[in-house]
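Let's take a walk through a protein together. Have the 3D view ready and follow along.

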Amino acid sequence: MDFSALGPKTVRSILVDTGPLYAMADQDDAWHDRVRAFLDTARVLLVVPVTVLPEACYLIGTHLGASAEVQFARSVQRGEVKVEFLKKEDLARTVEVMEKYLDANLGFVDASLVALAERLKIREILTTDRRHFSLVRPRHCSSFTVRP
């Protein structure tokens, strides 16, 4: 997977959820063409929360094999995406978001994206999860812009 060739010069940041990472690795995925088209034209820095990486690796390794998982890990290692780590306050906010959206079954990974988006003041999320991210009302804006 080579994210470096996608898109022209970066001008804004977008948080990336697990679904689009998997879709880029799997050309047969229903979201592959939509994600690829977005990345080909968007001028964005892809910010991947560290919490997303194990989930993406698991899906890629399970469905596409060990070689595909290694290829994905290499793309991350080369810096083709910016990995964002959680701070203590992000963990606290992640739990708050999980509790607030308990009935929607918003899990740890999605809640951590919300916490990072708030801290980094990022309004856009690249995701295949329309339901959760359309439901959440972040602190720093009225709603997220969900891509692709």
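Before we start, one term: two residues are in contact when they have heavy atoms within 4.5 Å of each other. With that in hand, look at His132. Setting aside its neighbours within four places in sequence, His132 is in contact with Ala104, Asn105, Leu106 and Asp110.

A quick word on what you're looking at. This is a predicted model, so local features need pLDDT of at least 70 and side-chain atom pairs count only at pLDDT 80 or more, while totals for chains, interfaces and linings use all residues. Residues are numbered from 1 along each chain as its sequence is written, and side-chain values use heavy atoms, with hydrogens and water left out.

Now zoom out. The protein chain has seven helices and five strands; these are DSSP runs, numbered from the N terminus, with at least four residues (H or I) for a helix and at least two (E) for a strand. Starting at the N terminus, the elements go β-α-α-β-α-α-β-α-α-β-α-β. The chain's radius of gyration is 15 Å, close to the 15 Å that the globule rule gives for 148 residues, so the chain is as compact as a globular protein of that length. (That radius is taken over C-alpha atoms, and the rule is 2.2 Å times the number of residues to the power 0.38.) Along its principal axes, the C-alpha trace spans about 40 × 30 × 30 Å.

How much of the chain is tucked away? Of the 148 residues, 47% count as buried. Buried means under 20% relative accessible area, exposed means over 50%, and partly exposed is in between (1.4 Å probe, protein chains only). Then there's the question of who touches whom: among contacts between residues at least 6 apart in sequence, 65% join residues at least 24 apart.

Back to His132, which is found in helix H7 (residues 130-135). Is His132 buried or exposed? With a relative accessible area of 8%, His132 is buried. The side chain of His132 also makes a polar contact of 2.9 Å with the side chain of Asp129. A polar contact is a pair of N or O atoms within 3.5 Å; within protein, one must be able to donate a hydrogen and the other to accept it, and residues adjacent in sequence count only if both atoms are side-chain atoms.

Asn105 lies in the loop between helix H5 (88-100) and H6, and at 62% relative accessibility it counts as exposed. Asn105 has a positive phi of about 60 degrees although it is not a glycine.

Next comes helix H6 (residues 108-120), where you'll find Phe108. Phe108 counts as partly exposed, at 37% relative accessibility. Leaving aside neighbours within four places in sequence, Phe108 is in contact with Thr51, Leu86, Leu91, Thr94 and Met98. Phe108 and Val95 are 13 residues apart in sequence, with 7.6 Å between their C-alpha atoms.

On to Lys121, in the loop between H6 and strand E4 (124-126). Lys121 has a positive phi of about 60 degrees, although it isn't a glycine, and it is exposed, with a relative accessible area of 58%.

Our last stop is Pro148, in the segment after strand E5 (145-147). Which kind of peptide bond runs from Arg147 to Pro148? That bond is cis, with omega near 5 degrees.
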